[in-house]
Amino acid sequence: MPDQTSMTSAARTSTALVLKHERGLRRRERDLGIAMLAPAVTYIALLVALPFLLAVALSFTNSSAGSLDVSFVGLANFRSVLKSGTFRRSLTNTFLFTFVTQVSVMVLGNILARALMKPFRGKSLVRFLILMPWAAPISLATLGWLWIFDSTFSVINWVLKIVGFLGPGQWYYWLGDTTLGMIAIVTIQIWRLLPFSTVILLAGLTSIPQEVHEAADIDGAGPIAKMFRVTLPMMLPIVAVAILFGVVFTFTDMSVVYLLTRGGPYNSTHVLASLAYQEGVLGSDVGRGAAIAIFLLPVLVALAIIVLRTSRRAEVM
Amino acid sequence: MTTRRQFIQRGATLIAGGAIATAVGPTILTRRAVAADKQLKILQWSHFVPAYDQWFDPWAKQWGASKGIEVTVDHVGFADVVPRATAEVAAQSGHDVHMFLGLASAFEEHVIDLGDVVTTLEKKYGKSVELSKHSTYNPFTKKQFALSDMWVPDPGNYHKKIWTDIGMPNGPLTYEDLVKAAPEIKKKYPQMQIPIGVGLSQDIDSNMAVRNILWCHGGSTQDKDSNVVLNSPETLHALEYAKRLYSVGMTPAVLSWNAASNNQAFNAQETSYILNSISAYRTAQDNKLPVLEYYYFVPALKGPTGIGLASEHVMSGYVVWKFSRNQEAAKEFLVALVDASRESMTASKLYNFPSFYGAAADPGTALAKKIDSGAAWIAKQCNNDPFGSKPAGKLALLAKSQPWSTNLGHPGSANPAEGEIFDTYVITDMFAKAATGVMSPKDAMLEASTRAKDIYTKWRKKGMVGGGAKDT
């Protein structure tokens with residue numbers, strides 16, 4: 001019969017081995033976790049964080065495209081752009097562009113998502129067609145739109161003329177007029193973002209349990225009460241994400257403006273991103289371009305915090 | 001059976017192996033090739049006349065093969081030339097030779113001085129045309145920052161039938177003719193959308209067109225000593241003229257035009273007059289468009305001052321980056337490209353005009369006579385277009401286009417401030433705002449003058465531009 005001391009010693013050894021094994025496992029888990037996260041973190045650090053920090057730094061310098069010598073100029077670039085009428089116009093356009101696009105996308109996306117929840121013939125084809133704008137390369141798609149809105153050869157105008165809506169001498173100069181130009185830009189952006197919002201909202205709608213709707217029916221809730229008291233509150237987290245994504249995407253997007261109007265006529269349809277490109281890359285004034293590009297950063301950060309907090313609160317409730 | 005952990009570990013090993021192979025492989029594989037041959041990477045625009053690229057690429061490779069140099073040619077659209085240069089300078093790597101279409105002056109600090117190449121070429125062919133020199137040499141820094149092998153004339157294109165019907169069969173000769181003709185064209189051709197198609201938009205062609213109007217009214221952004229002189233009675237006259245022309249002969253369509261729009265409008269017979277190179281005409285030829293028989297050309301229109309000037313439509317500016325490891329090969333290539341001026345002109349269907357006329361001279365001509373001989377050869381091509389013009393002499397006026405063609409920055413030289421004014425559309429904005437009544441001509445001029453002076457001040461601080469004492 002083994003004595004008590006040797007038993008205690010064996011138990012200790014065994015416990016130590018188990019603990020060591022567990023520690024090893026935990027370390028391996030941690031190492032594996034780090035290894036799994038490393039590509040994403042490296043990607044974000046090198047391709048997002050670093051250029052972003054560089055842009056912030058450049059906005060305080062007199063950097064130009066053809067030079068690597070830079071001097072610190074403090075807030076001079078920001079003061080300079082604030083004096084510019086084109087910048088102020090672009091700032092207004094950016095808010096207008098984003099607000100109108102997001103409201104339209106949310107309303108239209110909701111309608112489409114509700115329609116897609118109902119069974120009907122050809123539903124999969126409709127889903128495919130709705131997703132098409134999301135999949136199409138924007139440069140290619142905008143070229144198509146460019147012809148649709150062309151000031152001389154606009155298909156819309158020709159159709160309106162044929163159906164008698166436009167009389168002799170009447171013509172819409174879609175891209176030669178500031179208001180019509182902005183309408184064209186917003187239209188294309190809505191067309192681009194609608195599929196994404198529709199899919200997100202559809203996912204949100206289908207995730208609401210049927211029992212909740214049935215309970216609301218039993219309680220005598222009408223369609224409007226159901227919409228505002230059941231559906232929307234339950235979809236709030238997912239709608240918040242869709243809005244956040246859409247707003248950030250639209251605030252920072254320059255492709256539609258640049259490909260469609262290049263900011264014209266007379267720099268009146270620029271948004272901040274396209275103006276930053278024109279001044280910073282084409283005009284070689286990198287410092288000024290960077291100042292324009294990051295001007296909305298505080299707004300976007302604040303917006304992201306508000307939206308994410310709202311959605312978290314909604315989840316908790 | 002493979003566990004999830006084993007699968008991930010094996011996957012990670014494979015990815016790591018792949019990454020190492022990708023990183024190291026090219027070095028190992030190309031080391032031998034680099035050792036055997038020199039390399040030269042050229043960034044070139046996609047020419048408006050596609051036939052040119054079909055000639056240029058194999059020609060460059062053949063030249064390289066004859067020198068033991070492996071030549072790579074990459075093409076980008078004209079709008080991407082500057083952004084690509086910006087990226088390569090920031091990365092300090094990329095191509096050895098970079099072709100600019102307009103002003104390369106903003107990149108002066110990062111390119112080598114090509115003064116020795118120009119000296120070599122001048123010894124072979126005589127001087128280059130003045131506008132090419134003014135576009136590639138900065139007199140303030142005294143640096144030959146680029147080399148131009150070719151430039152492109154920018155004549156007026158008019159619709160012969162329409163102008164004949166209003167009693168002006170030879171087309172317009174002065175800017176005032178456009179104002180007089182526009183109402184007549186509207187009366188005779190009410191279905192025509194834009195009687196006079198002079199662009200006022202944020203694009204390259206409009207940028208040149210508005211400068212032509214400005215110069216021909218005696219105005220300019222800078223004087224010959226780089227003082228900003230945009231705020232002037234001459235500029236005001238030019239803007240008042242643009243307002244009159246817009247009200248009688250144009251529509252808001254011209255505010256939205258891109259580089260192809262005026263070609264498309266003319267070829268669709270929706271306008272009777274545009275300012276463009278012959279690329280639009282060649283398109284009409286290639287596609288046998290109905291407009292072809294009415295397609296005719298006039299020289300730069302004269303303003304009230306009697307000055308008739310047009311900006312070059314394209315000015316090549318080849319630079320060699322300081323970061324290039326193949327600078328000598330690059331210089332050799334540029335000399336060879338000028339040597340091939342005749343081929344270049346014919347490959348582009350007479351779109352390209354040699355910057356060194358002497359390079360188009362008959363073989364064996366004495367140096368003193370080379371420029372005249374080259375001019376004679378160019379005239380021969382234009383007077384009897386080998387690419388099927390009817391009548392054959394339709395392009396004859398191009399042979400005499402040099403006196404009425406000038407460089408961006410006229411009457412001074414190219415400089416980075418002029419480049420930035422061009423690329424940020426300061427002058428087109430000024431004209432568009434004045435013409436449409438968004439601003440009074442005076443306010444539009446003052447706004448543009450302030451923008452121009454701000455830009456000049458910035459580049460002067462960097463030591464790249466002179467002047468300033470006589471800014472208006």
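Which residues in H2(A) meet which residues in H12(A)? Keep that question in mind while setting up the view, and remember throughout that this is a predicted model.

Begin by selecting helix H2 of chain A, residues 76–83, together with helix H12 of chain A, residues 286–293, whose axes come within 9 Å and cross at roughly 70°. Angles of 65 to 115 degrees count as roughly perpendicular, and H2(A) and H12(A) are therefore roughly perpendicular to each other. Now show the side chains: on the H2(A) side you will find Asn77(A), Phe78(A), Ser80(A) and Val81(A), and these meet Gly287(A), Arg288(A), Ala291(A) and Ile292(A) in H12(A). If you colour this contact by residue class, it divides into four nonpolar residues, three polar residues and one charged residue.

Next, select the whole of chain A, which has 13 helices and zero strands. The C-alpha atoms of this chain fill a box of roughly 115 × 70 × 30 Å along the principal axes, and the radius of gyration of chain A is 28 Å, whereas a compact globule of 317 residues would have one near 20 Å. Buried residues make up 32% of the 317 residues in chain A, and, among its contacts between residues at least 6 apart in sequence, 67% join residues at least 24 apart. To see how the chain is divided, colour domain 1 (1–58) and domain 2 (83–316) of chain A separately; the C-alpha centres of these two domains lie 44 Å apart.

Now bring chain B into view and select its contact with chain A, to which chain B gives 31 residues and chain A gives 25 residues. On the chain B side, the elements that give two or more residues are helix H3 (81–91), helix H15 (416–423) and helix H16 (426–436). By class, that side of chain B has 14 nonpolar, nine polar and eight charged residues.

Finally, stay with chain B and colour its two domains, each made of two segments: domain 1 covers 10–148 + 314–366, and domain 2 covers 156–312 + 407–461. Their centres, taken over C-alpha atoms, are separated by 31 Å, and 20 residues of domain 1 of chain B are in contact with 18 residues of domain 2 of chain B. On the domain 1 side, helix H5 (130–136), strand E4 (137–138) and strand E11 (314–315) of chain B each supply at least two residues, with the largest share, three residues, coming from H5(B). The residues on this side of domain 1 of chain B divide into 13 nonpolar, five polar and two charged.

Key. Residues numbered from 1 in each chain as written. Chains lettered and ligands numbered in written order. Predicted model: local features only at pLDDT ≥ 70, side-chain atom pairs only at ≥ 80, totals over all residues. Contact = placed C-beta atoms within 7 Å. Helix = DSSP H or I, 4+ residues; strand = E, 2+ residues; numbered from the N terminus. Nonpolar A, V, L, I, M, F, W, Y, C, P; charged D, E, K, R; others polar. Domains from an automatic or database assignment. Axes fitted to C-alpha atoms, helices over the stretch in contact; angles between N-to-C directions. Parallel < 35°, antiparallel > 145°, perpendicular 65-115°, else oblique. Rg over C-alpha atoms; globule rule 2.2 N^0.38 Å. Buried ≥ 20, exposed ≤ 12 C-beta atoms within 10 Å, placed from the backbone.
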